[in-house]
Amino acid sequence: KSLHYGKPANSSPRAVLDNSFTYNVNMTFDSLEDLETYGKLPEHLAIVKKYSVFWDKMQVHDSVLL
């Protein structure tokens with residue numbers, strides 16, 4: 001549905017802030033099924049394989065709107 005790239009904001013430091021990452025991708029899907037389908041696509045898996053040499057750690061936070 002949507003895709004946005006970002007990096008940590010230059011926010012004032014505070015206890016709850018995690019700026020330990022260098023880049024992030026925010027993806028929105030219409031359903032959990034769409035998310036799970038995307039995660040299995042050969043194109044997605046190829047991108048992860050190609051670019052995984054550029055990171056030491058990747059974190060994924062799946063969430064749903066309340």
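Does K57 count as buried, partly exposed or exposed, and what is its relative accessibility?

1. K57 counts as exposed, at 63% relative accessibility. The cut-off for the exposed class is over 50% relative accessible area. K57 belongs to the segment after α2. Between the C-alpha atoms of K57 and A9 there are 20 Å, and the two residues are 48 residues apart along the chain. Please keep in mind throughout that this is a predicted model.

2. The order of elements should be read next. The protein has 2 helices and 2 strands, and from the N terminus on they run β-β-α-α. The radius of gyration is 14 Å, whereas the globule rule gives 11 Å for 66 residues, so the protein is more spread out than a compact globule.

3. On overall dimensions, the C-alpha trace spans about 40 × 35 × 15 Å along the principal axes of the protein. The accessible surface comes to about 6500 Å². Carbon and sulfur atoms hold 57% of that surface.

4. Among contacts with a separation of 6 or more, 24% are accounted for by residues 24 or more positions apart.

5. A second residue to look at is N10. Where is N10 placed among the elements? N10 sits in the loop between β1 and β2. With a relative accessible area of 83%, N10 is exposed. From N10 to E36 the distance is 33 Å, C-alpha to C-alpha, and the two are 26 residues apart in sequence.

6. The largest pocket has a volume of about 1800 Å³. Which elements give two or more residues to the lining of the largest pocket? They are the strands β1 (2–6) and β2 (24–28), together with the helices α1 (32–40) and α2 (42–51).

7. The lining of the largest pocket consists of 34 residues. Nearest the centre of the largest pocket lie N24, V25, N26, Q59 and V60. By residue class, the lining divides into 19 nonpolar, 11 polar and 4 charged residues.

Definitions and conventions
Residues are numbered from 1 along each chain as its sequence is written. This is a predicted model: local features need pLDDT of at least 70, side-chain atom pairs count only at pLDDT 80 or more; totals for chains, interfaces and linings use all residues. Side-chain values use heavy atoms; hydrogens and water are left out. On a 1 Å grid over the protein atoms alone, a cavity is a set of points where a 1.4 Å probe fits but cannot get out, and a pocket is an open set with protein on both sides within 12 Å along at least five of seven lines; lining residues have an atom within 4 Å of a point. Grid points are joined across faces, edges and corners, and a volume is the space filled by probe spheres set on the points. Helices (H or I, at least four residues) and strands (E, at least two) are DSSP runs, numbered from the N terminus. Ala, Val, Leu, Ile, Met, Phe, Trp, Tyr, Cys and Pro count as nonpolar, Asp, Glu, Lys and Arg as charged, and the others, Gly among them, as polar. The radius of gyration is taken over C-alpha atoms; the globule rule is 2.2 Å times the number of residues to the power 0.38. Contact means heavy atoms within 4.5 Å. Accessible areas come from the Shrake-Rupley method with a 1.4 Å probe; for residues, only the protein chains shown count as cover. Buried means under 20% relative accessible area, exposed over 50%, partly exposed in between (1.4 Å probe, protein chains only).
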